[in-house]
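Hi,

Here is the structure I promised to pass on to you. Have a look at it first, and then read my notes below.

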Amino acid sequence: MKGYRIARPGALTAALLACLLVTPAQADEAKHKQIYGYIEDVRVMELERSMRAKLDTGATTSSIDAREIEKFEKDDEDWVRFTVVNRDTDERRVLEEPVSRIVHIKRHGKDSQERYVVDLDFCIGDRLITEEVSLTNREKWNYPLLVGRNHLAGHVLVDSAIKDTREPSCD
C-alpha cells in the first residue's frame, strides 16, 4: 500500500494503552462535540448573515476580513469601527465594537502587524460561540473568515476530508 506502513509491535501496544487511558469524562465530552468539515458557512450574528469560513485548528485565534478599520473612543473606552464586505454582492456593512485587546502578529519575512481584537458571536452549525476575533484585510485570502481554535475548542471537531456539513442554525 502506497503511503502506509505497518507500525512496529511496540508502537502499536503503546497506542492501544493510550486509548485505554481515555477517561469516561473525556469520552462523554467527545460524544457532545460535532464533526464539521474544514470549510463551512458560519453565521456572524452581528452581521446577521453567513460567511464562507475555513475552520483552521492550526490557528489560535479567529480573524475576519475587515476594511477601513478605525479606532475611536466611546464612554472612555477604546472602540473600533470597521467595514465587512460581502464578496458575493459587494454589500458593505459597518460594525462598531469595543476593543478587547491588540495583538502583534509575527509574519515570516515581513514586519510584524498590529491587529485590533473584538468579541464576535459565531454560529457554527447549532453552536453559538462568543470569542475574540482579530480584524485584518483578508481580501487576498480564499475565505473571508478564519475560525481558529479559540472558537472551536470544546465544541467542534474538524475533519479535513469533508466540507459543508451543515448550515448555521442558531435561533
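Predicted model: local features only at pLDDT ≥ 70, side-chain atom pairs only at ≥ 80, totals over all residues.

Before the notes, one term: two residues are in contact when they have heavy atoms within 4.5 Å of each other. With that in hand, take R127: leaving aside its neighbours within four places in sequence, R127 is in contact with H32, K33, Q34, Y36, F122, H155 and C170.

Residues are numbered from 1 along each chain as its sequence is written, and side-chain values use heavy atoms, with hydrogens and water left out.

**The whole chain**

The chain has three helices and 12 strands. Both are DSSP runs numbered from the N terminus: helices are H or I with at least four residues, strands are E with at least two. Of its 171 residues, 35% count as buried. Here "buried" stands for under 20% relative accessible area, "exposed" for over 50%, and "partly exposed" for anything in between (1.4 Å probe, protein chains only). The accessible surface comes to about 11300 Å², and 49% of that belongs to carbon and sulfur atoms. Those areas come from the Shrake-Rupley method with a 1.4 Å probe, and for residues only the protein chains shown count as cover. Among contacts with a separation of 6 or more, 56% are between residues 24 or more positions apart.

Why does R127 count as buried? Because its relative accessibility is 18%, and the cut-off for buried is under 20%. A polar atom of the R127 side chain lies 3.3 Å from the backbone oxygen of H155.

K33 is one of the residues that R127 touches. You'll find K33 in the loop between helix 2 (24–32) and strand 1 (34–37). Apart from neighbours within four places in sequence, K33 is in contact with R127, G154, H155 and L157. K33 and V158 are 125 residues apart along the chain, yet their C-alpha atoms are separated by 10.0 Å.

L157 belongs to strand 12 (residues 156–159). L157 counts as partly exposed because its relative accessibility is 35%. Together with I35 and I162, L157 makes a nonpolar surface patch of about 230 Å². Patches are built from residues with over 30% relative accessible area and no salt bridge, joining like charges within 9 Å and nonpolar side chains (Val, Leu, Ile, Met, Phe, Trp, Tyr) within 5 Å. A salt bridge, in turn, is a side-chain nitrogen of Lys or Arg within 4 Å of a carboxyl oxygen of Asp or Glu.

**S134**

Strand 10 (residues 127–136) also holds S134. With 3% relative accessibility, S134 counts as buried. Which side chain does the side chain of S134 make a polar contact with? That of R115, at 3.5 Å. A polar contact is a pair of N or O atoms within 3.5 Å; within protein, one must be able to donate a hydrogen and the other to accept it, and residues adjacent in sequence count only if both atoms are side-chain atoms. Neighbours within four places aside, S134 is in contact with S62, S63, I64, R115, Y116 and V117.

Strands pair if DSSP finds at least two bridges between them. Strand 5 (residues 67–74) and strand 6 run antiparallel, joined by six bridges, and E73 stands opposite D78. They form a hairpin with two residues between them, and D75 in the turn has a positive phi of about 55 degrees.

Strand 6 (residues 77–85) is also antiparallel to strand 7 (residues 92–98), with seven bridges. Here T83 stands opposite V94, and W79 faces P98. This hairpin has six residues between its strands, and D90 in the turn has a positive phi of about 65 degrees.

**Positive phi elsewhere**

Most residues other than glycine have a negative phi. E48 is not a glycine, but its phi is positive, at about 60 degrees. E48 is in the loop between strand 2 (39–44) and strand 3 (49–55), and counts as exposed at 56% relative accessibility. E68, also not a glycine, has a positive phi of about 50 degrees. E68 lies in strand 5 and, at 55% relative accessibility, counts as exposed.

Cheers
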